[in-house]
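Thanks, everyone, for making time this morning. Let me put the sequence and the model on the screen, and then I will walk you through a few of its features.

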Amino acid sequence: IGGMLKYSIADRLTVHESLEHPWLRGQAGDTQIPKTVISSLSNFTGTCKFKLLVSKLFAKKLDPTTYNKTLEVFKKWDVDGDGEITLEEFKKGMKETTDLNDDQIAEIFKNLDSDDSRTITIDELVVSAA
């Protein structure tokens with residue numbers, strides 16, 4: 001996505017290059033969530049509206065590699081493919097990649113769920129990584 005959003009047209013991916021990218025073709029690798037993202041998840045507090053707004057602004061500038069890895073993990077954890085991660089899906093994924101207990105995972109989930117929908121969207125996950 002970062003390659004499609006370059007300011008300079010010469011640096012920007014073409015439509016053909018974008019459509020051929022492994023991420024869009026569903027060929028992205030099966031990687032673990034980066035430790036920096038786990039750390040961000042642990043430290044993120046979704047209760048502060050100002051912090052959430054600032055985080056959303058920074059999320060737009062998130063480095064493409066981190067975004068792609070976060071998206072890969074999101075898709076892996078979104079077991080039913082509905083575009084949202086439930087607490088149970090989140091717990092399962094976090095237990096595979098961290099040594100956090102259920103209470104810690106539930107607290108992180110609550111902080112990430114900025115709209116109190118009881119699910120996490122890719123946008124909410126990306127904002128935490130910003």
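Which residues are exposed on the other side of H6? They are Asp103 and Lys110, where exposed means over 50% relative accessible area, buried under 20%, and partly exposed in between, with a 1.4 Å probe and protein chains only.

Before going on, please keep in mind that this is a predicted model, in which local features need pLDDT of at least 70 and side-chain atom pairs count only at pLDDT 80 or more, while totals for chains, interfaces and linings use all residues. Residues are numbered from 1 along each chain as its sequence is written, and side-chain values use heavy atoms, with hydrogens and water left out.

The protein chain has 7 helices and 0 strands, helices being DSSP runs of H or I with at least four residues and strands runs of E with at least two, numbered from the N terminus. Of its 130 residues, 37% count as buried.

Coming back to H6, which spans residues 102-112, the buried residues there are Ile105, Ile108, Phe109, Asn111 and Leu112. Because they cover an arc of only 165° around the axis, they sit on the same side of H6; that arc is taken from the directions from the helix axis to the C-beta atoms. At the start of H6, a side-chain oxygen of asparagine 101 comes to within 3.0 Å of the backbone nitrogen of aspartate 103.

Finally, leucine 13, in the segment before helix H1 (15-20), is partly exposed, with a relative accessible area of 31%.

How values were computed
Polar contact = N/O pair within 3.5 Å; in protein donor to acceptor, adjacent residues only side chain to side chain.
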